[in-house]
Each structure stands twice: as C-alpha cells, then as structure tokens.
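Here are a few notes to read with the model open beside you. Take them one at a time and find each residue as you go.

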Amino acid sequence: MNEKLNPLHIGILIHMTQMGVSVFSLPRVCATYIGTNGWVWVLVIGTVVTANIALMHAAVRLGGGRTLPEMLGLFLPKPVAGALQLALGGMYALSACLTSKQYVLMFELQSFPATNPYVFRAGIDVLILCLVLIGIYNLGKAATLVFLATIPLPMFYLSLLHDVKLVRYTPFFLKDGGNWLEGSFEVFSAFLGFELCLFLLPYVKRGDTRWFYGVYAGNTFSWCMYLALTILAFGFFSFGQLKDLLFPLLEMAGHLTLPIVERVDTLLFTFFFLVSVLTATAYFWMATELFGYVFPGVRKGWFAAFLIGSTYFVSSIPNELGRVSAWLGIMAKLAAGTAIFLPLLLIAGLLAARAWRAKAP
Amino acid sequence: MCKKGDHAGLARWVTALFRRNRGEKTGENGKLGGRPFEDGLDEAADDRRPSFSLVCEQFRDCSDLVHRSYPHLGVDLLYFGHLVGPEELDRDVVRVLETADPGELKQLLKRSQFTRVDSFTEAVEGILDGQAVLFRKDGAWLAPVSNPPGRSVEESEVEGSITGPHDGFSETAQLNVALIRRRLKSARLKAVRLRVGELSHTDVYVMYIEDIVNAVYVEELISRIRDVSIEVLDEAHELVQLIEDRPNSIFPQFYTTERPDIAVNKLSQGRIAVIVDGSPTVITAPASLMEFFNAADDYYMRWISATGLRFLRFIAFLITVSFTAFYVSITTFHYELIPRTLLVNLAESRARVPFPPLYEALFMEFTIEMLREAGARLPSKIGQTIGIVGGIVIGQAAVQAGFTSNILIITVASSAIASFVIPSYMMSTSLRLLRFGLIVLAGVWGNLGLMLGFGFIIADLSNLTVLKSSYMTPLAPFNIRDWKRLVIRGPYWSLKERTSQSRTRNRIFSKMKR
C-alpha cells in the first residue's frame, strides 16, 4: 500500500520546513533594516513569497508531471543539468547543517556554556540521518506529530497581550531603518523551505492536481504566524529595544511565568529543537534527492550519510554564533536567489523546449 | 486474485488461496482439512491406506495412546485418553460398539458421527487432534470425541473491567472462537483455520467479518502466518513477533486482548482477530498507537467520563516516559526552570544526596523495576510482602540514608503509577524501557538530550506500519474524523463511521440519529 502525500501533510511539511530559529530574530530584522512598524514588511515579503510559489506552481504545471531533473534535462545538456543539481544539493546540505549548528550554538549560549557543541551536533546529525532515511512520506508524518506537539506553544504569547501598548505602533511607517534590501533578504530567508514543493511531485498521488494548494496553505500559515508574532513584538517592545535585542521573541517568552515553570523561554526554545531538526532534515532530504537523480545507481541512504558527514566537518569551520549566522546569511541569500531564479529558469527553459519541439519537423 | 476491497466470496477465496499454496483439501465451513507432515518424520506415509499396524508403528513408545479391541466386530480403537472427552467417547463410540452386532456394523459406521479416512496421514492427524480412530480390515473411521483439558471461561487478570462483561478468553482456541461467535451471530463472521509449527501443529484461527474487512489485510496477514516457519508455536505474543512489520521496534505493533468484547468491537470495526490455540490472548490487526490507550470500559461509560479517562491515560503516557528524565535534566542543568518557591525545598532535599541526579534516578528506577518484576513473578501473598518491604525501603530508608531526595521519590513513584494506568501491558512495558533511555540522555545533555530522545521516538513511530498501514493514524496521517473514536470517546450518535485505518468500503457503522 504505497501511500502518497495529501495536501494537508504537504501543508504541514512546508510550514515545518519554513519554521526555523530565524523566527526568533524576525522582529529585530524588521526593526533594524526596515524601521518603525517594520512588521509591514512581513506582509510585503509574504506576498513576494506567495508569488514565488505561484511561479513554482507554474513551472510544475508546465513540466506536466515531470520531476525536477527531468524538467532540467529537457532544455539543458546532461552534464550541465547534473552539475547544477549537485551544486544545489551541496548548497541545501550546507544550509541544513548550518541551521542545526545555529540552533546548537544558541542552546549552548542559553544552557551549556561549557559544553563542546560538536558532540551535541553529532547526536543531532544521527537523528537527522534517521529522519532522512525514513523517506518523505514518513517525514510528513513526523512533521505532523511535531506540529501537533508544538502548535499550542505560540499560544503562550497571547498571555502577553496585556503588555502590548498601542503607542508603540507609532504613526510613522518604515522610518529609521537601514538597508531595506538586506532586510528583505533576511525576511525572505525566514520563509525559505517552500522550495521543497519542487521535489514532492513523485510522492503525491498521480493525477492529483490539488496537492499544490497544500503548499500555498502551509506558506500562508507560516506567513500568518510570522505576522502575528512580529506585530506582537512591535507592540511589546519599544522600537529601540527591538533593535538591541538579539532574539526578541525569546526575550518576550522570558517575561512569561507559569506557576510550575520559571523560565518559559528556555522551555519554549527546547521544544523548538524538533522544529529546527525538521527544517534541517527537509533540506538534507532535498540534497539527497538531487544527488540521487544524478547518480541513480547508488542508494540514497549512502548520499544522506555522506552529505550529513561531510557538511558536519565543513560547518565546523565557523566556530561561534556570529560567524555561523554570517555563513548562514550567505547560504540564505544563495537559497533565496535559487528559490526565485530556479522556477524562472524552468519556465523559460520549458517554454523554449516546447517552442523548439513545435518547430522541429 | 481478489481485488482490493472486493469482499464478496472472501472466505472462499482465502480458503482457495491456502489450498492452492499448500495443496491441501478443504474441509467444511471454510476450515482447512488435511495437513501434510511438515516435520518430515514420515512423509512417505502420506499416500498409504490407513491401517492399524502402520498407525501403531507411528505411535510406538507413546505410552499415553489407548488401544481398545472389539474382536467380535474385528474393530480396533485408538485414541489419546487425555485428549478425548470420556462422556463423548462412551456415548458415541464405546456404547455403540459394545451393543453392535457384526452384521449391522457396516450400517452403524455410516452414521454422521463417523467419518471415513482414506489416508494414513488423516488417521494420525485425527488421533493427534483428540479424535478416536476405528480400524477395520476394510478401512478406518474417525469419531469426533475430542475434548482436551483446558481452563474454563474466567475473568482476565491482565485486563480487568469495572462496568463491562467479565468473561475472558482461555487457552482453548475453539472456546475462544465460540466466545466471539456468541456475540456476533452472523454468517459473515468467518474463521479460517491455519496451522503453525512443524512439531506443535498449533491451530491458528483468522477471524474477520466479510464485507467489512479489507481483503488486502486478510491476504497479507494469512500470507505472513503461512510463511512462519517454526517448530513450536506456544503463544499469541510469539506469533505477533513473527509476523509484525518491524520486529526491531520497541513498540508493540499488534493489539492484543484477553477480552472477547474487545475482540468483537475490533472485528466490527473491520479489523482481523487471530486466535492461537494454547493462548488466552487474541491478536487484532491492523492497530494504531492510540488503540493501546483505549480500554473496554470506555465504551460502557458515559462519553464525557470516558473521554476524561482517555486524556488521563495520555497524560500518564507523558509522565511515565518523561517525568523522571525531566527531573534529572532540570536538577542537573536547568535549575532556572524551577519556580523559586520550589527551588528551596528541592535544594534542601538534594543537599544530602551525594550522587549526581542521573545515578540517583537510575538507582531508584532500577529498584522500582526490580520490585515490580519480583511482585509479578511471586505468589500473591509473598508479592504483598515485597510491596511492603519495597515501600519502606523506597519511601523512608533511602531518603533517611541520604541515597535519594524526597522529590525524586515522588517523581519515580508517579512515573511507576502512570505506567500502570496504560491499559496495554505490552505498551506499558515498552514505555518503561524507553524511560531509561530518556533518563540517560537527559542526564548527559539536559533538555536537549530529552528532545533528542523524543526525536528518535518520533522517527521510529513515523516509520512504523502495521500490515503496511500507518501506526500513528489518526494523528499522522491526520484524520480528524477518527479522533472521536480513538482520541476522545465521542457520544454514540457521533460514532457513525468505522475508522479510516480499516480501509473498508463499508464505512457506515451506525445509522443512529441524535
């Protein structure tokens, strides 16, 4: 009984891949780069991301049921298509590894200042390997379980509503910001993960045309959550405070107190571990798929082990949070560029291939 | 080949499939007839005509075989004395033979209680099944007087019920089949008999309701049982481990019960029940994780109370798996999580303990597990003593001696009690073992280790299937309609459909209106 992904699970998968530790710093990014009422930029970038997904949807529809490498193979020479896929795979794998490393370093900052992070990461990488090996359908199930376990957590923030002051939403929009282009990239990178939809076609029911609505739904859910949390942070902290705080949403959680738990922020961040792991896993899975397409004779499990092992060592080069964030920033820009230009390349290539075939005798 | 979802004639198809693959003859009512000698002891004897001397030779050195001779009729009777019912033997065979004239014997043997056997194998098999075999020069006849010793219907000690029926399955397969049939008076309830074990030839009944069950599940299950190659099959739990999808997982994948009402409930939901002779446990499949937190009483209580109890079990699940590990984690690494009011008490309690929380917790958990294991194996009177000794040792002496802290005692005791709240003993045992892994991870890496452990559990659960259907349904794949049956216990008017895991075409279970 080969089960296939349905739109609901695709939506959850996309949402869980998009959610990452960058959400905790999103209000700071909006305040620093965009300015007062920077939360509006989440609205703007969310629209851009939705348009980006629509481009991917168009590419997939133009492909007529073909997978990503099949589509590339229609208009690119095989070695070029292979090299492109390997480069994409390497980029996704390194992004995944840096994401998990960023989480570990953040956790280390909070709770384990004296512990060597390499051992943590080795343990996490074993878990990621296990999750990659179970395949995308079962990963969808794991994402659903984690989603159900973590979805009540943002509700904690609602208890902070009484500390939100309307005066902090100044009547001035987008003042005192910085480089808005840089900020746009950073906000866009918080939405990254939706490119997973380009790889899901072989795992959905043949002939099902509704599956892509799951991608839109997942992205919209992430969008709404980012927007709500950013608006809340802009009303909770003053504009100046937001610029100074490294992770404003964690700081907000620090103001929460429960009768049985003192520091809710630590607990919240702990629960976020599985969300972070799922993001990294989805990226590793994409990388494994790309490598698998190029070398179809080799088992994908070997690629997963190779990619996770090799990126473990590569990502050991940046050894503190600032450097990791800088590396991750570069990777995010590359991934964002890929997310925008890959569907454009596919659409242009597929249309050209179609025109060429129509002309051919 | 039967198509998926094609329920019509399923029993005939399954039986035919079995016949085809084994080359066996089919008996009446879907039962499978002749059984080849798979142990290879005397395979050559298959085609020979049944004769008294051959059968006696086969059973040489079997001192429990009874031989009765009726020289005036030229009849020899063979049977195992402890496998036949004395009354049945006396009424149906002995009295008939003792009062019969040689001339009328031929007519007597045409009576329905005697079945002529044509092969040596059938005769030997009949004796092993507890039947009596009559030998004459011109042939052999079986008399169905089997009544092997066995326990009568008693209440299950493992699965108690407060409001529901109190009868439980016993070790006799046919009695167990009868307990189910008594509750499901339908010709659509099928019982396919298989035999497992090259030496034990254990009867295994696969029961299902035609038109409700999905034929693909039946095909898969029968195929797996048929593929079991083992000399002796003792117990249903043994069979489970031989046919499950992933034997290396820590979680039990087939639901097992000792209660006929639960088995009937599962059958009516489109599941398959497997009865193993010699075992009071009945296997039902396919199963999901949520089913292990459902109890029979849930359906006899008012739905609000039953739903409350289910949530209590889910909380117990979390407590038993993670409470001690969480204690270890926060007392080792995350003191900042403890409320200030509790912090002083905890610090005072921990101050006298010389060991790190990890060792302290492992010591206590091992002690509790040893007490539980000792209590389970000992007779009940001694078991009580163990409980008292354990209570004093754990409750007072360990704290006074500075071995453990008071709060750990509460934590460990809560975890132990929570594990017994879970209705399934198999699931409870698995969860208790998982707890140790999480304690070690929490002791080494704190909350991160705890989450890492949960990550591995989620990875395992997501990958688990039962008869190739998802183990985590209705959570993942998410199916909100099944929640009212498996997660909460919805009111009866809302339980209109069977669960999606049954993959039945006949989904309507109830036509009740509110």
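1. Let's begin with a strand in chain B. From β7(B), Thr202(B), Val204(B), Val206(B) and Tyr208(B) point one way, while Asp203(B), Tyr205(B), Met207(B) and Ile209(B) point the other way, and all are buried. The strand runs over residues 202-209, and eight of its eight residues are buried. Bear in mind that this is a predicted model.

2. Now look at the strands beside it. Strand β6 of chain B, residues 189-196, is joined to β7(B) by eight bridges, and the two run antiparallel. β7(B) also pairs in the antiparallel sense with strand β9 of chain B (residues 272-276), this time over four bridges.

3. What is the bridge partner of Arg193(B) in β7(B)? That partner is Tyr205(B). Tyr205(B) also stands opposite Ile275(B) in β9(B).

4. Next, follow the chain from β6(B) into β7(B). This hairpin has five residues between the strands, and Gly197(B) takes a positive phi near 105 degrees there.

5. On to the nonpolar cores. The largest one has 214 residues, and those with the most contacts inside it are Phe24(A), Tyr157(A), Phe273(A), Phe251(B) and Tyr471(B). Its largest share, 18 residues, comes from helix α12 of chain A, residues 264-294. Apart from this core lies another, of 21 residues, including Val84(B), Leu97(B), Leu109(B) and Phe114(B). As background, nonpolar side chains tend to be buried together in soluble globular proteins.

6. Leaving aside residues up to four places away in sequence, Tyr157(A) touches Phe24(A), Leu229(A), Leu232(A), Leu249(A), Leu250(A), Met252(A), Ala253(A) and Leu268(A).

7. How many cavities of 30 Å³ or more are there? The count comes to five. The largest cavity holds about 210 Å³ of space. It is lined by 16 residues, and Met19(A), Thr150(A), Leu153(A), Pro154(A) and Phe272(A) lie nearest its centre.

8. Which kinds of residue make up the lining of the largest cavity: nonpolar, polar or charged? They divide into 14 nonpolar, two polar and no charged. In chain A, α1 (7-18), α2 (22-34), α9 (211-236) and α12 each supply at least two residues of this lining. The largest share, three residues, comes from α12(A), the helix that also gives the largest share of the 214-residue core.

Technical notes. Residues are numbered from 1 along each chain as its sequence is written. Chains are lettered from A and ligands numbered from 1 in the order in which they are written. This is a predicted model: local features need pLDDT of at least 70, side-chain atom pairs count only at pLDDT 80 or more; totals for chains, interfaces and linings use all residues. Side-chain values use heavy atoms; hydrogens and water are left out. A nonpolar core is a set of buried Ala, Val, Leu, Ile, Met, Phe, Trp, Tyr and Cys residues joined through side-chain atoms within 4.5 Å. Buried means under 20% relative accessible area, exposed over 50%, partly exposed in between (1.4 Å probe, protein chains only). Contact means heavy atoms within 4.5 Å. On a 1 Å grid over the protein atoms alone, a cavity is a set of points where a 1.4 Å probe fits but cannot get out, and a pocket is an open set with protein on both sides within 12 Å along at least five of seven lines; lining residues have an atom within 4 Å of a point. Grid points are joined across faces, edges and corners, and a volume is the space filled by probe spheres set on the points. Ala, Val, Leu, Ile, Met, Phe, Trp, Tyr, Cys and Pro count as nonpolar, Asp, Glu, Lys and Arg as charged, and the others, Gly among them, as polar. Two strands pair if DSSP finds at least two bridges between them.
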